[in-house]
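Biologist: Hi, I'm new to this one. Could you walk me through it?
Modeller: Happy to, let's bring it up.

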Amino acid sequence: MLVHVIDVESGNLQSLRNAIEHLGYEVQLVKTPQELVDASPERLILPGVGNYGHFVDALFDCGFEEPVKQYIASGKPLMGICVGLQALFSGSEESPESRGLGLLPLKLSRFHNSDMGKPVPQIGWNSVLQGGNHFYGLDPFKRYYFVHSYAMLWDQEASEVFEKQGWTVARARYGSEEFVASVCKDNVFATQFHPEKSGHAGLHVIDCFLKQDRNTAIPQYTPEQQKQLGNDYSNFGLTRRIIACLDVRANDRGDLVVTKGDQYDVRDKGDGADVRNLGKPVELAQRYYEQGADEVTFLNITSFRDCPLRDTPMLDVLKLAARTIFVPLTVGGGIKDVTDTDGTVVPALEVAALYFRSGADKVSIGTDAVYAAEQYYARGGKGDGSTPIETISKAYGAQAVVISVDPKRVYVDSPEQTHNKCIKTQYPDASGREWCWYQCTIKGGRESRDLGVWELTRACEALGAGEVLLNCIDRDGSNAGYDLELVRHVKEAVSIPVIASSGAGTPEHFEEGFTETGADACLGAGLFHREDYTVGQVKQYLLEHGLKVRMDKE
Ligand code: 1PR
């Protein structure tokens, strides 16, 4: 069967296409209303990511409103995904000037991050409520990948409208707020989560929709399984996210390899030694997906030397990985305005778009995030709309913009010695100094700047970044555990999710990363590449120690 997908160029459609093809169907993108009318699809999918107004305005400007409404009226199956679900409503607080399709006369609102300090956006694996409605294979003991700041929050008014109009709703809970995770009525079905990024559980939902198997049975779980898999709503309802990271670069022979440094030095020891080669990027990424990684991050660690547009191997890596890996993929390194070989300046937004079209869900920005923060302060705490963080966030949403931070600890005699925010550390230096700050670096740690990690992350959050990937040069490759003081410091600085990175050597390190800092995700590289532990072993350990993780078996 041929599945039609509406394409208004709103982000990563490649992953959805890959997921549908993986299930054995063919995909046709529909770029104009006329194509929709001519194709007369048997199954139509309306996917959306990013900013609400950006998406619905593009949809309406292209003239899709009437053909989509006519398609729905024809009774043929339509599935909305993420902002595709949101578009069914009449509007959103995110873009008060824009209007949606208006099937439901309700408006979306922003999650409240005053609520027990939960991060907004919600990024991670949540579940639909037990005891609620289940349709199209939705299973309350499975986890689905959510990434959004705005949602249809559940209240009396919403409940009455849905009931009056005959919609069936599956709800989910983030912190203390309940929201609409999925809806269905007659031929219309929509999910707030991304099924194409939700591993086997998500593929099953897409498959049920395509087969129009609305009432498929969900497995019978034993009480023990229910206890293990059920959501206990610790950590706001999200599982503890484990990210496998692949630092990628060409070795001296020109082969693209996964490498791993010690404090960012990726060469083997000895004269003329080559870059440490730990495997092939796509193979390793696939392995980690199968082991249960909740996300995979690729960092092009020599991007500052190359022109990324010529750097097609990284795009190829992403394209291949996205074909069979159905969890979120992040790509970093070289997301900046670049001058191509023929002298054309290519804005960072276009560079990012290339990656999104190849299957990336998020881009991570390192060096340019530092420049953007410096400019932000130089302007007295304002952006001017031109930095990559701002342009990409505006077009693709904050959740698509990660900032990758490469800080180093700097000891001082007292906080007055620097204008950057200090912490009092439990680990004084050799001369007994108890105060330190975390200095930001650029170009993979090669150059230090007079900017602290506190100042950097707060500026980037204000400019529109949606997540912080917090490395630590002192701990990188050390297997000594995360710098917990650093992670706590950044968690206090921002309300967007923070990924702890650098130093994980054992499952215990992941546990303390989560329990002692409140990190929203923990990332590991070397311990997975050396096969000291699998991702599955780390997750099993966390589960045995009372932390919820996503367990996703076919
Ligand atoms: O500045 O936007 O072009 O981005 C460059 C990106 O490349 C940044 O995200 C920067 O962190 C990364 N990078 C640059 N040089 C290196 C290097 O290692 N020489 N890698 C590098 C950073 C840090 C983590 C690593 C963790 C976990 N690597 O990604 O995977 O430290 O390691 P561990 O678990 O083994 O301790 P731009």
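Biologist: Let's start with Gln212: buried or exposed?
Modeller: Gln212 counts as exposed, because it has 12 C-beta neighbours inside 10 Å, and a residue with 12 or fewer falls in that class. Keep in mind that this is a predicted model.

Biologist: Thanks! Where is the place of Gln212?
Modeller: Gln212 sits in the loop between H7 and helix H8 (223-229).

Biologist: And what separates the C-alpha atoms of Gln212 and Phe528?
Modeller: A distance of 40 Å lies between those two C-alpha atoms, and along the chain Gln212 and Phe528 are 316 residues apart.

Biologist: New topic, then. What does the domain assignment of the chain give?
Modeller: The assignment gives domain 1 (2-236) and domain 2, which is made of two stretches, 239-400 + 452-544. Taken over C-alpha atoms, the centres of domain 1 and domain 2 are 27 Å apart.

Biologist: How many residues of domain 1 are in contact with domain 2?
Modeller: On the domain 1 side there are 29, in contact with 29 residues of domain 2.

Biologist: Which elements give two or more residues to that side of domain 1?
Modeller: Helix H1 (13-22), strand E7 (122-126), strand E8 (144-148) and helix H7 (199-210) do. H1 has the largest share, with four residues. Sorted by class, the side of domain 1 that touches domain 2 has 10 nonpolar, 16 polar and three charged residues.

Biologist: Okay, on to the ligand. Which residues come nearest to it?
Modeller: Gly366, Thr367, Ser404, Gly444 and Gly526 come nearest, out of 32 residues around the ligand.

Biologist: And which strands and helix each supply at least two residues of that shell?
Modeller: Those are strand E13 (241-250), strand E19 (362-365) and helix H12 (367-378).

Biologist: What does the shell have by class?
Modeller: The shell around the ligand has 17 polar, 10 nonpolar and five charged residues.

Biologist: You mentioned H12. What do the buried residues of H13 pack against?
Modeller: H12 is one of their partners, along with helix H11 (348-358), E19, strand E20 (401-405) and helix H14 (453-463). The buried residues of H13, a helix covering residues 388-396, are Pro388, Ile389, Glu390, Ile392, Ser393 and Tyr396.

Biologist: What follows H13?
Modeller: Gly397 does, and its phi is positive, near 95°.

Biologist: Now the sheets. In what order do the seven strands go?
Modeller: The order is E2-E1-E3-E4-E12-E11-E10, in an open sheet with mixed pairing.

Biologist: Why is one side of E2 and of E10 left without a neighbour in the sheet?
Modeller: Strand E2 (26-30) and strand E10 (168-174) stand at the edges and have a single partner strand each, so one side of each has no neighbour there. From one strand to the next, the twist averages 25°.

Biologist: In what sense do E1 and E3 pair, parallel or antiparallel?
Modeller: Strand E1 (residues 2-6) and strand E3 (residues 44-48) are parallel, paired over two bridges. Within that region, His4 stands opposite Leu44 in E3.

Biologist: And what order do the three strands of the other open sheet take?
Modeller: They run E5-E6-E9, again with mixed pairing. Strand E5 (89-92) and strand E9 (150-151) are the edge strands, and each pairs on one side only.

Biologist: How many bridges join E6 to E9?
Modeller: Two bridges join them; strand E6 (residues 104-110) and E9 run antiparallel. Arg110 stands opposite Tyr150 in E9.

Definitions and conventions: Residues numbered from 1 in each chain as written. Predicted model: local features only at pLDDT ≥ 70, side-chain atom pairs only at ≥ 80, totals over all residues. Near = placed C-beta within 6 Å. Nonpolar A, V, L, I, M, F, W, Y, C, P; charged D, E, K, R; others polar. Pairing = 2+ DSSP bridges. Domains from an automatic or database assignment. Contact = placed C-beta atoms within 7 Å. Axes fitted to C-alpha atoms, helices over the stretch in contact; angles between N-to-C directions. Buried ≥ 20, exposed ≤ 12 C-beta atoms within 10 Å, placed from the backbone.
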